[in-house]
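Here's a walk through one model, with the sequence and the coordinates side by side. Keep the viewer open and follow along.

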Amino acid sequence: MSTARPPGTLRRSLTPGWVFALAIGSEVGWGAFILPFDWLQNAGLAGIALGFGVATILIMVVGLIYATAIRALPRTGGGVLFALFAAGRVPGFIAGWSLALGYIGIVALNASAVTLVFRVAFPGLLSHGFLFQVAGWDVYLAEVVVSILFIWMFAFLNMKGFEFSGRFQFWAVVTMLTCIAVLAVMALYALWTQSIELPDAIPPNQSLVASVFVILAIAPWAFIGFDTIPQMAGEFRFSPAKVIRLMLAGIATAAVVYVLMSLVTAIAVSSNAAQYADSAWPAADALTDLLGPVAMVLMVIAVSAGVLTGLNGFIAASSRVLYTMGGAKMIPAPFQGLSPRFGTPVVAITVVALVCSITPWFGRAALSWIVDMTSAGITVAYFFASFFVVRLANGALRPHHLAQEPSRSASLVALGVAGCLIAVTFLVLLLIPASPGALGTESLIALAFWAVLGGALLAMSWRRYRETSPEKLWQEYTTLEADTSK
C-alpha cells in the first residue's frame, strides 16, 4: 500500500480509560519526582500550592477550549486542524510545527530521563564508555545506547497500535498513582507522629506573589500532556462528548500529584534543605532517611512509570501531529503513510524515533536547552485552539465543516478570548527576560533554529499545499474517515 494513503483511516481503538491514562502519563513525568526540592527552594510550599491552584484553573480553561473544539472537529491531529480551518494555511503550519516541537522535545527528554533514573538509583551501572562532555554533562556510550533502545522499544509498541500501547499506559499509570498514594500516606503519618518542622511557606525575602509566578512560569511545561488528547480524537472509540470530563479529570489529577509530591518532599526534607543540596535526587534521599529503603523503591518505581508513560504518550501524540501535517500537505506526503496491518502512522513514528535517537549524543544538559522551549511551542497551539473556539462562537466557520453546530453564545466567545489571553500570558512569561520562567539564550537559539527548519519544510511543500483549497483538505478529512478497527 502506498505511503500516500489518504488520511482518516486510523483505527478507532482508544477507550476512555486509555485516553485518561495517556493524558496523565504524559503530564506526570520525571519532574514530579525530581523537581519538588527545587520548587520548595524557589517558591516554598505555599507558593507551590497556590501557584499550582491558579495554574490548574488557567489550564482547565484551556482544557474546556480543547474539549469544545474536539466536539466540533473530532479529527486526528486536532491542534493542527483547529488552526488550519480557523486561521488559514500558514497559522495551520505554525500550530503543527509548534506542537511537533513540544512533543518531540518531551520524547527526547523522557529518553534521557531513563538513564538519569539509572544514575541516581543505580550509580555507575551505565557509566561505561566515556565519550565526551557537553555543557558539563558526561556522555557515556552505555547511556546513549540504553536511551536509544527505549526510544525504539516504544516506537515499535506504538506501531502495533493502542491495543498494545494503551494497555501498557493504563497499568503503568495505575502503578505510578498507587506508589504516590502509598508515599503520601507514609509521609503524612510520619508528620502526625513525629516532631517534623516543615520548611518556610515561602523563601526568605520573597513575596507570595513572586513565588506564585515562579510556578505559573512552568505551568505550560508541567501540564503538557492533557493536550495530547485532541491529537488522537479521530481514534476515539467513544463519543467526543466525554472528552470534557476526561480532560478536566486529567488536569486535576496532575495538579494533585505535583502538590502532593511537593508536600511529601517538604515533610521529608523538613528544615534540613542544606543537607540534601548536593544530592543527585534530594527528594528520594530525604524520603529514604525518613521512611526507610521502601521509600526509595516506591520512588524508583513511580518515576520509572512516569518516564515510560511520557515516552509512550508523546511518541503517539507527536506522530499524529506529523501524520496530520502530511495529510494536509504541509510537509512531504510520506508522513501520512500508515501500517497496512495495524493502521498506525508508521512513517511518522519512525521519523520521531530517528530524530530523538540523535538527542542522547548531546547529553542531558544540552538537551535541557531544547526542552525549555517546548513550553513556547505548546502555548502557540493553545492560542490557535482558543482562536478556533472564538471563530466557532462567531459563526465564522462553515457548518458543513463541523460535526456539531456550536451555540453562538457570549459565554463561548468569552471562553475563547480567555484562552487567547492565557496563551499570551504564558508566552510573555517565557519570552520576557525579566520573567522568572524566561527562556535562556541557548533555548532561544534552538527555537530560532526550529523555526528556520520549519520554514524550509514549508517552502518544500508550499506549492502543493497552496494549490489545495481548504475545502479540498476538509473533504479529505471527512469523507475518507474510516473505521478500520475490525
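Predicted model: local features only at pLDDT ≥ 70, side-chain atom pairs only at ≥ 80, totals over all residues.

The average pLDDT of the protein is 83, and 89% of the residues score at least 70. Two stretches call for some caution. Over residues 1–8 the pLDDT stays under 50, and the model has 25 contacts beyond four places in sequence for them. Residues 479–486 also stay under 50, with 19 such contacts.

Let's start with H16, which covers residues 374–393. Its 20 residues reach 29 Å from the first C-alpha to the last, close to the 28 Å expected at 1.5 Å a residue. Of those 20 residues, 17 are buried, so H16 is largely enclosed by the rest of the structure. After the helix comes Gly 395, which has a positive phi near 70 degrees.

Now for the aromatics: the model has 20 aromatic pairs.

| Pair | Centre to centre | Angle between planes | Geometry |
|---|---|---|---|
| Tyr 66 and Tyr 382 | 6.3 Å | 75 degrees | edge-to-face |
| Phe 226 and Tyr 382 | 5.9 Å | 40 degrees | tilted |

Tyr 66 has a relative accessible area of 0%, so it counts as buried. Tyr 382 is buried too, also with a relative accessible area of 0%.

As for the other pair, Phe 226 lies in the loop between helix H8 (208–222) and helix H9 (228–231) while Tyr 382 is in helix H16, so the contact ties together parts that are 156 residues apart in sequence. Phe 226 and Tyr 382 are both buried.

**A hairpin**

Next, have a look at strands S1 (residues 130–134) and S2 (residues 137–140), which pair in the antiparallel sense over four bridges. Phe 130 has Tyr 140 in S2 as its bridge partner. Two residues lie between the strands of this hairpin, and Ala 135 takes a positive phi near 55 degrees there.

**The salt bridge**

How many salt bridges does the structure hold? There is one. Arg 119 and Glu 143 form it through their side chains, at 2.7 Å from N to O. Arg 119 belongs to helix H5 (residues 89–121) and Glu 143 to helix H6 (residues 141–159), so the pair ties together parts that are 24 residues apart in sequence.

Are the two partners buried or exposed? Arg 119 counts as partly exposed because its relative accessibility is 24%, whereas Glu 143, at 5%, counts as buried.

**One more residue**

Finally, find Ala 456, which is in helix H18 (residues 441–466). Its relative accessibility is 40%, so Ala 456 counts as partly exposed. Ile 331 is 125 residues away from Ala 456 along the chain, and the C-alpha atoms of the two are separated by 10.0 Å.

Notes. Residues numbered from 1 in each chain as written. Heavy atoms only, no water. Expected span 1.5 Å × (residues − 1). Buried < 20%, exposed > 50% of the residue type's maximum accessible area, 1.4 Å probe, protein only. Pairing = 2+ DSSP bridges. Salt bridge = Lys/Arg side-chain N within 4 Å of Asp/Glu carboxyl O. pLDDT = per-residue confidence, 0-100. Contact = heavy atoms within 4.5 Å. Phe/Tyr/Trp six-rings, centres within 6.5 Å; stacked < 30°, edge-to-face > 60°.
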